[in-house]
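Look at the model shown here.

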Amino acid sequence: MKIGKFDIGYGFRPKIIAELGINHNGSLSEAKKLAELAAESGADFIKSQMHISDAEMSSKAKEVIPSHCEESIYEIIDDCALSIDEEYELKTFIDSLGKEYLCTPFSGKAVEILKEFKVNAFKIGSGECNNQYVLKKAGLFKKPMIISTGMNDLLSCKKTYEYVKNFNSNIIFMHTTNLYPTPQRLVRLGGISELQKIIDKDSVGLSDHTTSNLACLGAVALGGVLLERHFTDTKERIGPDIINSMTPEELRFLRKESEQMFIMRGGSKKSEIPQEDDTRDFAFATLVAIKDIKKGSLLSTDNCIPKRPSSGDIFAYEYDEFLGRQTKIDISMDTHIMRDWII
């Protein structure tokens, strides 16, 4: 899959999404500042959120206070949302940085606006993973859909995949836990492998809400193709997502270490690798006489054992097979025994 200039898939370096979210507290200048820092620190995608309060929430949302917040979700979103014109200016700014702009629409109206922005992909939040109205509106645009799966079990994810693929085959699932921050015991990286079975190994990433890069690196080891973390310039900012946001330094480390993990993952033990030949020569053991052995004698645990290096041609894994077999010649003590000397 290609999103903008970036190739996404198991065979490509995992791409990093820096999620600005609402860490800018509704300030365009702060959003630009964060975007510039994220670009300098190694992000590939810089993501915003398009909140149109009355389009995504009813008045009931004014009574809902998230567990990690002190205000209602309606108040938080309303206070921190950029205007549509500001959001477009942010997109233009991110484009000018040479990075790929992503944005999460939380309503059908937001989808329509992002279509007008001519975005290259949609990042669908976990809350909309099972929202057919938003999924279809975004999917019919035929752009790649990066869908977070937090709060949804495997059955729900399967239903979403079956629904969306009817009109859009460009789907990436992001394994997610929507707890801010996410405790280690609830990261459940096994979910990446489970989602790969629903879709494929080219199309699963991690949207992480822990307080370090460790989960993201584990995701890369399992084949994750996209890594998303919230981003901030400093942990001293005020906001509900700051505690699980990475700093510029952490982003730089994530870029470096995820590339290293990408190089390490994959491969196979189906066959030997020639790079180990030198080590194999001294590390493997072959059969050695531990006393003088006369012609016609039987090999036994009393007269031969495997020893390093592999100078002979009867290897340690063949030891039991050669015990009890007869020698054709005299063999001196400390000599590596050759198979041609044995009947």
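Predicted model: local features only at pLDDT ≥ 70, side-chain atom pairs only at ≥ 80, totals over all residues.

Residues are numbered from 1 along each chain as its sequence is written, and side-chain values use heavy atoms, with hydrogens and water left out.

Helix α7 (residues 154-164) packs against helix α8 (residues 190-198) at an angle of about 35°, and their axes are 10 Å apart. Helices here are DSSP runs of H or I with at least four residues, strands are runs of E with at least two, and both are numbered from the N terminus. Axes are lines fitted to C-alpha atoms, for helices over the stretch in contact, and angles run from 0 to 180 degrees between N-to-C directions. On the α7 side, Leu 154, Cys 157, Lys 158 and Tyr 161 meet Glu 194, Leu 195 and Ile 198 of α8, where contact means heavy atoms within 4.5 Å.

The largest pocket is lined by 43 residues, and Ile 73, Phe 106, Gly 127, Asn 178 and Tyr 180 lie nearest its centre. A pocket is an open set of points on a 1 Å grid over the protein atoms alone, with protein on both sides within 12 Å along at least five of seven lines; a cavity is a set where a 1.4 Å probe fits but cannot get out; lining residues have an atom within 4 Å of a point. Elements that each supply at least two lining residues to this pocket include α3 (73-80) and β10 (226-231).

Residues lining the largest cavity include Thr 176, Val 187 and Asp 208. Strand β9 gives the most to this lining, with three residues.
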